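Hi,

Here is the structure I promised to pass on. My notes follow below it; have a look at the model first and then read on.

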Amino acid sequence: MKSLNITCNLEVYDSCEELPQEIQDLMDRAIDARDKAYAPYSKFKVGAAVLLDNGEVITGSNQENASYPSGLCAERTAIFYAGAMYPEAKFLKIALSAKSLNHRVITPIPPCGSCRQAIAEYEVKQESPIEIYFMGETGKVVKSHSLKELLPLIFDNSYL
Ligand code: THU
């Protein structure tokens, strides 16, 4: 038996203002998108903004459904739309912000496992890292320089 220790390298910023203006602008787009979320069931609104290498910013928010599993997270709403609109573009950076209508979200909210897997597909396809920045409604921002930091041992097409 051999044990395997996997580390994850992240940067934690006290607030968005510590980050470059470009990231603050991208986070502002995620916050605008967050406020457009359709989340009548969870009351948990998430916004995503994706910066593409062609300069476009694609945003998305979570879209819930009375049949709960039919809803979709903000991240996948945004990246699937980006992939559909600009199939040749690379994803450079993704900003995420979450807010609850029930309590103040001050903890950075990372993308869920399904969204990590979905983002991984594009990172593998484009052969370059996607930076991910995530926060709650206010407070600290976490930066991951690549999806791989958030999802070690990814399942990708090399296994197929
Ligand atoms: N949600 C997202 O949009 N992204 C995530 O990464 C985590 C969860 C949404 C899904 C659902 O509408 C609500 O947040 C509560 O889970």
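The side chain of E123 makes a polar contact with the side chain of S146, at 2.9 Å (a polar contact being a pair of N or O atoms within 3.5 Å; within protein, one must be able to donate a hydrogen and the other to accept it, and residues adjacent in sequence count only if both atoms are side-chain atoms). E123 sits in helix α3 and is buried, with a relative accessible area of 6%. Buried here means under 20% relative accessible area, exposed over 50%, and partly exposed in between, with a 1.4 Å probe and protein chains only. Leaving out residues up to four places away in sequence, E123 touches S128, P129, I130, S146, L147 and K148, where contact means heavy atoms within 4.5 Å. E123 and L147 are 24 residues apart along the chain, with their C-alpha atoms separated by 7.3 Å.

Before I go on, some bookkeeping. This is a predicted model, so local features need pLDDT of at least 70 and side-chain atom pairs count only at pLDDT 80 or more, while totals for chains, interfaces and linings use all residues. Residues are numbered from 1 along each chain as its sequence is written, and side-chain values use heavy atoms, with hydrogens and water left out. Helices (H or I, at least four residues) and strands (E, at least two) are DSSP runs, numbered from the N terminus.

Back to α3. Its 14 residues should span 20 Å at 1.5 Å a residue, and its end C-alpha atoms are 20 Å apart, which agrees; the expected span is 1.5 Å times one less than the number of residues. The buried residues of α3 are C115, R116, A118, I119, A120, Y122, E123 and Q126. Their cover includes α2, β4, β5 (131–135) and α4 (147–150). Just after α3, E127 takes a positive phi of about 55 degrees.

Now the ligand. Around it are S42, F44, V46, N62, E64, C73, A74, E75, P110, P111 and C112, each with a heavy atom within 4 Å of it. By type, this shell divides into 7 nonpolar, 2 polar and 2 charged residues. For that count, Ala, Val, Leu, Ile, Met, Phe, Trp, Tyr, Cys and Pro are nonpolar, Asp, Glu, Lys and Arg are charged, and the others, Gly among them, are polar. A polar side-chain atom of N62 lies 2.9 Å from an oxygen atom of the ligand, and one of E75 lies 2.7 Å from a ligand oxygen. From C112 it is a backbone N or O atom, 2.8 Å from an oxygen atom of the ligand. The protein covers 75% of the 370 Å² of accessible area that the ligand has on its own (Shrake-Rupley method, 1.4 Å probe; for residues, only the protein chains shown count as cover). The elements giving two or more residues to the shell are β2 (44–52) and α2 (74–85).

As for α2, its 12 residues should span 16 Å at 1.5 Å a residue, and the end C-alpha atoms are 17 Å apart, which agrees. A74, E75, R76, A78, I79 and A82 are buried in α2, and what covers them includes β2, β3 (57–61), β4 (91–100) and α3 (113–126). A74 is buried at a relative accessible area of 1%. Beyond four places in sequence, A74 touches V46, G47, A48, G60, S61 and N62.

Over in α1 (residues 21–34) we find R34. At 4% relative accessibility, R34 counts as buried. The side chain of R34 makes a polar contact with the side chain of D35 (3.4 Å). In α1, I23, Q24, L26, M27, A30, A33 and R34 are buried, with cover that includes β2, β3, β4, β5 and β6 (141–144).

Two more backbone spots to look at. Most residues other than glycine have a negative phi. K43, in the loop between α1 and β2, has a positive phi of about 60 degrees although it is not a glycine; K43 is partly exposed at 33% relative accessibility. L153, in the segment after α4, has a positive phi of about 55 degrees, and L153 counts as exposed at 70% relative accessibility.

Cheers
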